[in-house]
Amino acid sequence: MILERFVPSLHLHTIYDINFHQLRERGIRGIITNLDNTLIEQDSPHATERLMKWIQTLRHEDLKVVIVSNNRKIRVSEFARPLGIPFVYEARKPWGHPFERALRLLHTSTRDTVVVGDQLLTDIYGGNKFGMYTIWVDPLKGKEGWPTKINRFFEKIIYGWLKKKGYLPWDEHL
């Protein structure tokens, strides 16, 4: 069923709830993460102290990370380069090409890579389409562009269907 492609492997409130040790136990070596409203608010240009510590912990756990964003090169590069994180910009998620590029940058496979993001329609659907483990996080509060607002509208409808069909075992999200 097509709706199953929108079901994340795991739902957490924030990236800070991710247990890196458990990911390593699952054989995960790489993380493909969205940028805006996942790592940082869309209108924030730089990483917070908390996010920089999260990235340090991720690296300490011997996990690699790449940012895959639908945003423009300037936005993604100005955020990722100072942190030394590889990135894919103007990704056009959920379609395949950016996930394939991310796997090449990480030197990982779909079996040992997780996708983390705040949108069912782009991050979760795209990761699931490739058979990757997916973690859906609540979007950070902040400004959202019109494409994200449109996605959120459809996301609420899909979420309702998933909840009604019993696909989502956790409490209300949206």
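Tutor: Rings of Phe, Tyr and Trp pair if their centres lie within 6.5 Å, with the six-membered ring used for Trp. Keep in mind that this is a predicted model.

Student: How many aromatic pairs does the count come to by this rule?

Tutor: The rule looks at the centres of the rings. Applied here, the count of aromatic pairs comes to five.

Student: Is the pair of Tyr16 and Trp54 stacked or edge-to-face?

Tutor: The ring centres of Tyr16 and Trp54 are 6.5 Å apart, and the planes make an angle of 80°. Planes over 60 degrees apart count as edge-to-face. So the 80° between Tyr16 and Trp54 makes this pair edge-to-face.

Student: How many residues apart are Tyr16 and Trp54?

Tutor: Tyr16 lies in the loop between strand E1 (10-12) and helix H1 (20-25). Trp54 belongs to helix H2 (residues 49-60). The pair links distant parts of the chain, and the separation is 38 residues.

Student: Is Trp54 buried or exposed?

Tutor: Buried means under 20% relative accessible area. Trp54 has 5% relative accessibility, so Trp54 is buried.

Student: Why is the pair of Phe20 and Trp54 classed as it is?

Tutor: The centres of the Phe20 and Trp54 rings lie 5.4 Å apart. Their planes meet at 55°, so the pair is neither stacked nor edge-to-face, but tilted.

Student: Which residue has its charged end over the ring of Tyr16?

Tutor: The charged end lies 3.8 Å from the centre of the Tyr16 ring. The residue is Arg50.

How values were computed
Residues are numbered from 1 along each chain as its sequence is written. This is a predicted model: local features need pLDDT of at least 70, side-chain atom pairs count only at pLDDT 80 or more; totals for chains, interfaces and linings use all residues. Side-chain values use heavy atoms; hydrogens and water are left out. Rings of Phe, Tyr and Trp (its six-membered ring) pair if their centres lie within 6.5 Å; planes under 30 degrees apart count as stacked, over 60 as edge-to-face and the rest as tilted. Helices (H or I, at least four residues) and strands (E, at least two) are DSSP runs, numbered from the N terminus. Buried means under 20% relative accessible area, exposed over 50%, partly exposed in between (1.4 Å probe, protein chains only). A charge sits over a ring if NZ of Lys or CZ of Arg is within 6 Å of the ring centre and within 35 degrees of the ring normal.
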